[in-house]
Amino acid sequence: MSKLNIQAIHQESKKKDAFDFRAGDTVTINVKIQEKTADGKAKNRIQPFKGVVIQRKGTGVSASVTVRKISSGIGVERIFQIHSPIIDSITTDTHGDVRQARIFYMRNLRGKAARIVERKVHAPVEATGVAVETPEA
């Protein structure tokens with residue numbers, strides 16, 4: 001296989017959505033789950049996983065993200081391949097203000113110490129120079 005063929009396959013496999021998030025941001029990743037019922041039929045559902053991005057890794061079709069959340073007092077981390085077909089959507093809830101690209105120190109923090117300050121995101125500017133208002137959720 002030539003290099004051009006591999007690049008074409010990678011471009012085909014990449015999702016078209018621009019995932020605009022980085023370490024410290026709180027994201028909700030909707031994952032497609034396939035369950036088997038008692039009679040052997042497959043049932044599909046979407047399960048959200050909401051947590052803080054502690055690292056982004058890789059580029060292109062092999063890019064991955066590690067998301068951490070606290071569930072019943074226990075820290076749960078999950079690694080997702082961003083361009084995987086099991087990922088339905090990724091939405092950014094809040095933008096966090098952190099100084100490092102990999103925030104593994106969050107594993108050792110508890111309670112109020114584990115809070116992340118929200119980063120102010122500037123509104124996109126049109127060609128006319130007027131800021132575009134975005135609806136807040």
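Biologist: In this predicted model, is S72 buried or exposed?
Modeller: S72 is exposed, because its relative accessible area is 76% and the cut-off for exposed is over 50%.

Biologist: Where is S72 placed, and what is its phi?
Modeller: S72 belongs to the loop that joins strand 3 (64-71) to strand 4 (74-81). Its phi is positive, about 55°, although S72 is not a glycine.

Biologist: How do I read an aromatic pair?
Modeller: Two values describe a pair of aromatic rings: the distance of the centres and the angle of the planes. Here the count is 1 aromatic pair. The ring centres of F49 and F80 are 5.6 Å apart and the planes stand at 65°, so this pair is edge-to-face.

Biologist: Which parts does the pair tie together?
Modeller: F49 is in strand 2 (residues 42-57) and F80 in strand 4, so the pair links parts 31 residues apart in sequence. F49 is buried at 7% relative accessible area, and F80 is buried at 3%.

Biologist: Which charged ends sit over rings?
Modeller: The charged end of R78 sits over the ring of F49, 5.9 Å from the ring centre. Likewise, the ring of F21 has the charged end of R56 over it, at 4.5 Å from its centre.

Biologist: Is R68 buried or exposed, and what does its side chain make a polar contact with?
Modeller: R68, a residue of strand 3, has a relative accessible area of 13% and so counts as buried. Its side chain makes a polar contact with the side chain of E77, at 3.0 Å. Beyond its neighbours within four places in sequence, R68 contacts several residues, including G51, V76, M106 and R110.

Key
Residues numbered from 1 in each chain as written. Predicted model: local features only at pLDDT ≥ 70, side-chain atom pairs only at ≥ 80, totals over all residues. Heavy atoms only, no water. Helix = DSSP H or I, 4+ residues; strand = E, 2+ residues; numbered from the N terminus. Buried < 20%, exposed > 50% of the residue type's maximum accessible area, 1.4 Å probe, protein only. Polar contact = N/O pair within 3.5 Å; in protein donor to acceptor, adjacent residues only side chain to side chain. Contact = heavy atoms within 4.5 Å. Phe/Tyr/Trp six-rings, centres within 6.5 Å; stacked < 30°, edge-to-face > 60°. Lys NZ or Arg CZ within 6 Å of the ring centre and 35° of its normal.
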